[in-house]
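Please look at the structure below before reading on.

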Amino acid sequence: MATVLMCRRLPGLSRVTAFSTTAKRKAKRGSSRSKKENQEKPGAAKAGTESGATIQLLKAQDYRVLYNPAAYAKGGAGSQQHMDRDSSQGLGDTFTGPGTVQTFPTASSQALSPVRNARPKPSTLLERTVLATLNKEEAEKEKQEMHNSKEDPRMFQKGRPEYRSLSCDSAEPAQTLPAEEGDSILQSVAGCEGSPGMLTDCFLKLSRLPAERRAALPPDPRFGALCRRAATAIRLFSTLDLIQILKACVPLAVPASHPLLDACEAEFCRRAWDMGLEQLLLVADCWRCLDRSVPSYLGILFSYANLHWRDLTLPQFVQLLYIIGEGRRSPADLVQKVESAILKHLDAFTLEELGAICLGLFKSLSGISDHVMRRIADRVSLQMEDMSTYALVNVLKMLRYTRMDHLPFMRELGKVIPARIPATNIQGIMHIALTYSSLHFFDEDVLAAVATSLPSKVSYCRSKDAAKFLWSFGCLDYEPPNKEEFYSSLIKQLHAKLHEFSKFPEHLLTALLGLAFVKRFPEELIDFALREEFVQKTRGSKYELEKDLFTLGKSVEIECPSYRGSRLPPQLCQEFTEMVSSFAEQEIYVRPEIVEATSLLESMLGGPEYVKNHMILPHTRSSDLEVRLAADGCPIPFNFKDPVAAKKLKGMGVSLTDDLMSQLLQGRAHNHSPTEEGSEAGIPGRQRGDAAGTPCSGGALPAGARSWAEPNPGRWQPREVRLALQVSNRNHFCYSSKRLLGLHCLKRRQLRLLGYVVVEIPFWEWFPLLKRTRSEKLSYLHYKVFCPALLTRAG
């Protein structure tokens, strides 16, 4: 078993930590999530197969990073099981980079384990002791990272004794029977008539056998005969006996599709209206422990609870919210009653119960009013230190879902959570980071703690987790102190999880956009995402991925001139452009702050021909007010939407009068202000910084940039400067700050690359002016367009 170490430090991408080629098979776990992930694992590369690929992170420096998946893809034979057709489809594809054609080997989804190198067989007592200690530490770490989707959400049930009658205890029975009694119990059934009482007693006794003996029961024909007898006599059981049988099925691990459970479900649906709420909740909890979907039964439970709402105790209410969440169903007629009950019991809930309530609401996509969510956040922010991290993360999920900007909560979270992050599992950390990005809340201490902890845990990242981490940091435009290690570890994990993106294409686009926001473009992954077969998968997704695909494809065109991989077809780009433009015409161009700025600029510059309200970069999904200035500072008409106006203006020049030249050279007219209302229709000049007419405030075109002037027959057009005025709003910035979000940083960067001068009209300046006089607004816009720095110098 070979160990390959990669320790090369590479500029801008990787400070690669050592990691092992050894992939250890995970112990079998009871959670449905673990089983599902095991089914999605691809086969590992065959022993002895060496295959490399090159990751080229496209940036201005145009460097490459050598990447060898085969170095950690050589799992044992066990890693080849459960090969999925969809999961394996993209793995044999060839990734093409400039001057290289390589193929990725098939990699196990868990092959990239935590820094865990193969060790030689210990020979001394000291070596054996050290090895045992290390193995124990690794086992503890793995246990910490493994989220149990069945048991973790049920922790609140340990807080009150009342939950014992409402929930099924899936723990080991307190008093187990000897393993040898199993045979005698099964034989006793074969020789008797099988009365309901005896059948119930058999199930209860079998459920108390040791775990290894219980595991052998399902394939046993005698156990099958017992189940058939019970199913045949289902209507003869009392409700209490029937509940006992269902509870016994949980430790017996009866499969969710078993015929006995079919019979039990039908019988409970028939009897539901004659049962009490406590019994109904207990049966619902058993179905959850058995991982069986029972929509008909839950519908009856919710209707029953709606009729008996006033009778619900606090534990019954919390248990009902848990069942609603686990069933992923949101009964519309209960929404208002749920909110009233939350407010009624708010001070009496334990912190763990509040976490369970938030998780139930989040999983069932239940809406909740801002008022109720704010009250929950008020309560939690006062006792956050006493709350478990799991419950706290559940509150964060609901806070994110409701888009709640609760400043005291977020400030307290910033004090409490950084120290907890090293001991939090990777999914919990992902939800913490995602909450900050979703709420546009920037807290460097929290993000730095996340980045510090992640590289050592990255092997536990699902494709979703890796994508959300990259999106969160990119959205907030934050590169941590350990950025090279942080990004290289996540990019490697994306390669290791490549097989998952055929099933979850949204995760790859999320990850690549997060990277693009911070100017990182891993070429092979981009090539994979822009291939025709992957594009078709995105178009068939339940999510609207067209805009993300468009943003990625056009960003690569602008920022990666050396890229030679797959690209979006022109007709597809045209389709996306029309789709985005249609949305902008209805939702963006008509915003009052943009309409007002457009109208005033038209008045100030001489008409609608001098301003264009449009999206210069449609893939960035926000508008620009484009203005063009000649090198001598004069506005240039270019927006000829109206054919009549275009014909009228054709060949029209600007008369350089003494007064206009005085304005150009002095910065203002001697006798009147250029921003007075009486001179709005005039064409003000651009103040010049020196005799050569050098533009100011970032106005110089980049070296080597070409002129964007459009030819006008019969008239000579001077070299022009294109301004892209950004009328921003709060959603373009982090919460209560002037820090631009990643998408808008990307947009401004790309505008500059295309030769535009970006001029900010930030909301904290422009919105207050909307209530002021027209003259003040015109003065402000004149100041923005015509170089404020040189106005001061010229004066």
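This is a predicted model: local features need pLDDT of at least 70, side-chain atom pairs count only at pLDDT 80 or more; totals for chains, interfaces and linings use all residues.

Residues are numbered from 1 along each chain as its sequence is written, and side-chain values use heavy atoms, with hydrogens and water left out.

Helices (H or I, at least four residues) and strands (E, at least two) are DSSP runs, numbered from the N terminus. Helix H15 covers residues 370-382, which makes 13 residues. The expected span of a helix is 1.5 Å times one less than its number of residues. For H15 this gives 18 Å, and the end C-alpha atoms are 18 Å apart, so the two values agree. Val372, Met373, Ile376, Ala377, Arg379, Val380 and Ser381 are the buried residues of H15; buried means under 20% relative accessible area, exposed over 50%, and partly exposed in between, with a 1.4 Å probe and protein chains only. Their cover includes helices H13 (335-345), H14 (351-363), H16 (389-401) and H17 (407-416).

The sheet is open and has four strands in the order E5-E6-E7-E8, with mixed pairing. E5 and E8 (756-761) are at the edges with a single partner strand each, so one side of each has no neighbour in the sheet. On average, neighbouring strands of this sheet are turned by 30° against each other, direction ignored.

Two strands pair if DSSP finds at least two bridges between them. E5 (residues 612-614) pairs with E6 in the antiparallel sense over three bridges, and Lys612 has Glu626 as its bridge partner in E6. E6 also pairs with E7 (residues 720-727), antiparallel and over six bridges; here Leu629 stands opposite Val721 in E7.

How many residues of strand E6 (residues 624-630) are buried? Seven of its seven residues are. In a regular strand the side chains alternate between the two faces of the sheet. In E6, Asp624, Glu626, Arg628 and Ala630 point one way, and Leu625, Val627 and Leu629 point the other way.

E7 and E8 pair in the parallel sense over six bridges, and Gln726 stands opposite Glu760 in E8. Helix H27 (residues 592-605) packs on the sheet and touches E5, E6 and E7, where contact means heavy atoms within 4.5 Å. The direction of H27 makes about 20° with that of E6; axes are lines fitted to C-alpha atoms, for helices over the stretch in contact, and angles run from 0 to 180 degrees between N-to-C directions. Helix H30 (residues 742-753) also packs on the sheet, touching E6, E7 and E8, and its direction makes about 145° with that of E8.
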